[in-house]
Every structure is written in C-alpha cells, then in structure tokens.
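Please keep the sequence and the structure in view while reading.

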Amino acid sequence: MRPRRKALPNSLELLLDTICNTFGGVLFLAILVSLMLRLSSPLREDVPTVEALQKEMLALESQQEDVFARLETLRLAAASQETMVDRFTTPDIAQLLAEYHERRARRDRLMSERAILLRQIAKGQLKTSRLAEKVKELDRALASAVAEKSEAEVALRSELGWRAQAARLPRVRSTFKREVGLIVRYGRAYFWHRYDRSGKRLGLNTDDFVIVEDRGSHVETAPKPYAGYPIKEADAQVALANRLRDFDKHTSYLALVVWEDSFEVFQTLKKLVVDLGFEYRLMPTPFGESIMDRGGRGSHVQ
Amino acid sequence: LAYNPAPGTSKKAWLVDLSAERFAALPLGHAAAKIEFAERSISSRVSAFARWAEGRNPHQEYFVLLVRPAVIQSFGQLRTALEKMGFEIGFDLLGAGQKVTAPSPEGTAS
C-alpha cells in the first residue's frame, strides 16, 4: 500500500500570503518612520501653536498699552514741570542755571584733566624712584671704582718702585771668586752642577739636566723643561733665594747663562741675585750656541 | 723699565736700547737729544753707532747696553768696539716687548 501524499497549497494561497506579508511590512515601516519623525524633529516642539501665539500677542499688546500710558503720564509731568519752571524762572535764574551747567561741565573737564595729571605724576614718581635707584647703583660703582683706583695706584707705585732701578756705573771687573753656573731657560733657573754644603762642586746636576751627547772630551747637556725654579712664581723665588744662600757671596759669583727665550724674566732674577749681594757674570746666549764649562776661577763680573 | 742714574757718579750715562728695529741712545739724567739709528741691517746699525760713539768722550761718558733677543749676535761686536774705544760699559737684558723709560735731566724716571 502506497502512503498518501500531502496535498500542496494552491497558488492563490501563496499569493495571498505574499500580499499579507508585504502589507504588514509596509505598515511597519510607516509606523516606524512616523515615530522617528516625531521623536527626532526639534522643530516640532519649538513651533508654538497658534493659540499660544495669540495669547502672547495679547500680552504684548497689553504691555504696550501700559508703556504708552506711562509715557503719556511722564510727558504730562514734564510739560507740567516746564510750565512751572517757566512760571517761576526769571532771566537771572536762567543765566545762573546756564552758568551752573557750564561750570559743572568745566569741573568735569578739570576732574578728567586732574586724573590724567595724577597718572602722569604717578608715572613720573615711578621713573624718579628708578632713577634714584640707578643713581645709588652708580654711586656704589663709583665708590668701588675709586677704591680700585687707589689700590691700583698703590700697586703701580709698588711696581714702579720695583722696576725703577739705578743704572749703576758698570764696573766690568776681574774677580777670582768661584763660579756658580746658573742656566736660565724656559723662564726657569737651573743650577748646572750639584754642590755640597761647603759649596764644593760635585758634578752635573742630573736632577735638572739630561745628557744629550757624550763626546768623550765633553758632554752636551740640556735642562729639563719641567725642572728648575720657575722665576715668575713667588714660591720658586723663595726656594731659589734659600738655595743661593748656601753659597758665600764673598767667595762665589754667579754665571748667568740666559737663553733668548728667557730675557723677559731676567729682571726678576737679577733683582733677586743683587738683593742677595751676589756679583754676576752675564752671558746672553742665542739658540744654537753651546756653552762650554772648562772649570777654573776668575772672570769679569758686574 | 725705568732706569735712574746711579748716585755719586760724575760720568754721563747713555742707555742704548738695542732692538731688532732700531738702536736708540737715550741720555740718562743729562740734557741731550735722543739719538736713533734706523739702518736696515743690524750690522750697518752697529757700524753707524760705533762711528757716532767715536765722537764721544770715554772719560766723561759710559754706555749701558740694553740687549734684546734679536741682537744677541751683534751685541758682542758692539761691546768689543766700545771697549776698544776705552768706554766703560754695562749691559742688561730685556724682553722684546719690554719698554724703557729714561728720566728727564731734573727728575727721575717714572
């Protein structure tokens, strides 16, 4: 036995179903659009109704009538006052009134000018106080400059006293004292040899000199640029003076071999040597020239 | 540097500034004109100075030579020439930039 097949709906039912669905969708869309327009349109809320507008218009008209009535009252009052003034005012009073108004206007102008002048005075006072401060600063600077000037004058006098020297009548003379060699180079003074306490020469001062070349009969030496006594330094001057005091000025003289790079400092060294009472033999030496030490005594000193 | 005459000497002193540019003989404490020797070469300057010194009196004048680095070599030549003329001399060393002042006849250098 074959199962019975379910009967298919006919085409009319299908069409009706479609039409109903479409109509329902359109209806739904229409309701949706209507709701959205109602909710989203602000103009709809702001637009007053005709009734409200009419009420507002009536209220405004009422206010206008009140204002006009008040204005009319004021006009009447003003006219009444003018009438009263005309009635009681004499020409003298009118003139006085005019003068009063003129003086009042003048007073206002003067007050305005006074305010401007007060502002200018305030500015001027500010400027004056600033200038006074500047004057005080200048006074302080002047006092400081005067003090510096007097200090500089003292220093200058001292310097001049130091630098001014007697060009003594030179007596280049023979001496039989023992020679102590002092090399002056790089602005420094170097003892060429070592000496014991009694002044006896012990040999080359290798603390301050290096042997450049040994030629058998003699050695060539050079001072170390960082050793010796830097003549311009006060501490070094004291140390050099103390070292020189180990020698007897009555039995020793100084042979000052001054290289051309140290002429500037020679005056300092000369003063130190002369103040200690030493005679000196001066040997200005150009670069490239050698000084030979042959020992012995006797030379020409100043 | 200011040089003043040594007290107690009757001789007139001349400071002779020997620089690379010129030699200048400055009278020290007596009225005389400053003498300048501006020959181009140092050797010709030495010769000119020696000629001028020949006219001076070694019994009444002496020289103090101020030696600057540029003229060390010529200094020996000048010194020898002056000693041969019978002048007493002394000498001093100055740096190239150091300035020398000689006093007026009445006063002292400052």
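## A tyrosine in a loop

Tyr186(A) counts as partly exposed, because its relative accessibility is 37%, and the cut-offs are under 20% for buried and over 50% for exposed. The structure discussed here is a predicted model, and this residue belongs to the loop that links strand S3 (178-185) and strand S4 (188-191) of chain A. The phi of Tyr186(A) is near 55 degrees, which is a positive value in a residue other than glycine. As background, most residues other than glycine have a negative phi.

## Two helices of chain A

Helix H5 (residues 234-244) of chain A packs against helix H6 (residues 266-275) of chain A at an angle of about 40 degrees, and their axes are 10 Å apart. That angle makes H5(A) oblique to H6(A), since angles under 35 degrees would count as roughly parallel. The crossing in which H5(A) passes H6(A) is right-handed. On the side of H5(A), the contact is made by Gln237(A), Leu240(A), Ala241(A) and Leu244(A), and on the side of H6(A) by Thr268(A), Leu269(A), Leu272(A) and Val273(A). Sorted by class, the residues of this contact are 6 nonpolar, 2 polar and no charged.

How many of the residues of H6(A) are buried? The helix is mostly covered, with 7 of its 10 residues buried. After H6(A) comes Gly277(A), a residue whose phi is positive, near 90 degrees.

## Chain B and its helix pair

Chain B contains 2 helices and 6 strands, and along the sequence these elements follow the pattern β-β-β-β-α-β-α-β. Of its 110 residues, 50% count as buried. When contacts between residues at least 6 apart in sequence are considered in chain B, 64% of them join residues at least 24 apart.

The axes of H1(B) and helix H2 (residues 72-84) of chain B come within 10 Å and cross at roughly 15 degrees, and H1(B) and H2(B) are therefore roughly parallel to each other. H1(B) passes H2(B) in a right-handed crossing. In this pair, Ile42(B), Val46(B), Phe49(B) and Ala53(B) of H1(B) meet Ser74(B), Gln77(B), Leu78(B) and Leu82(B) of H2(B). The contact of H1(B) with H2(B) consists of 6 nonpolar, 2 polar and no charged residues.

| Helix pair | Crossing angle | Axes |
|---|---|---|
| H5(A) and H6(A) | about 40 degrees | 10 Å apart |
| H1(B) and H2(B) | roughly 15 degrees | within 10 Å |

Strand S5 (residues 61-67) of chain B includes Tyr62(B), which is buried, with a relative accessible area of 1%. The C-alpha atoms of Tyr62(B) and Gly90(B) are separated by 8.3 Å, although these residues are 28 residues apart along the chain.

## Confidence in the prediction

The model scores ipTM 0.82 and pTM 0.57. For chain B the mean pLDDT is 83, and 87% of the residues reach 70 or more. Among the elements of chain B, the lowest mean pLDDT, 72, belongs to strand S1 (residues 3-5), and the highest, 91, to helix H1 (residues 42-54). Where pLDDT is low, the predicted coordinates should not be read in detail.

Methods
Residues numbered from 1 in each chain as written. Chains lettered and ligands numbered in written order. Predicted model: local features only at pLDDT ≥ 70, side-chain atom pairs only at ≥ 80, totals over all residues. Heavy atoms only, no water. Helix = DSSP H or I, 4+ residues; strand = E, 2+ residues; numbered from the N terminus. Buried < 20%, exposed > 50% of the residue type's maximum accessible area, 1.4 Å probe, protein only. Axes fitted to C-alpha atoms, helices over the stretch in contact; angles between N-to-C directions. Parallel < 35°, antiparallel > 145°, perpendicular 65-115°, else oblique. Left-handed = near helix turned anticlockwise from the far one by under 90°. Contact = heavy atoms within 4.5 Å. Nonpolar A, V, L, I, M, F, W, Y, C, P; charged D, E, K, R; others polar. pLDDT = per-residue confidence, 0-100.
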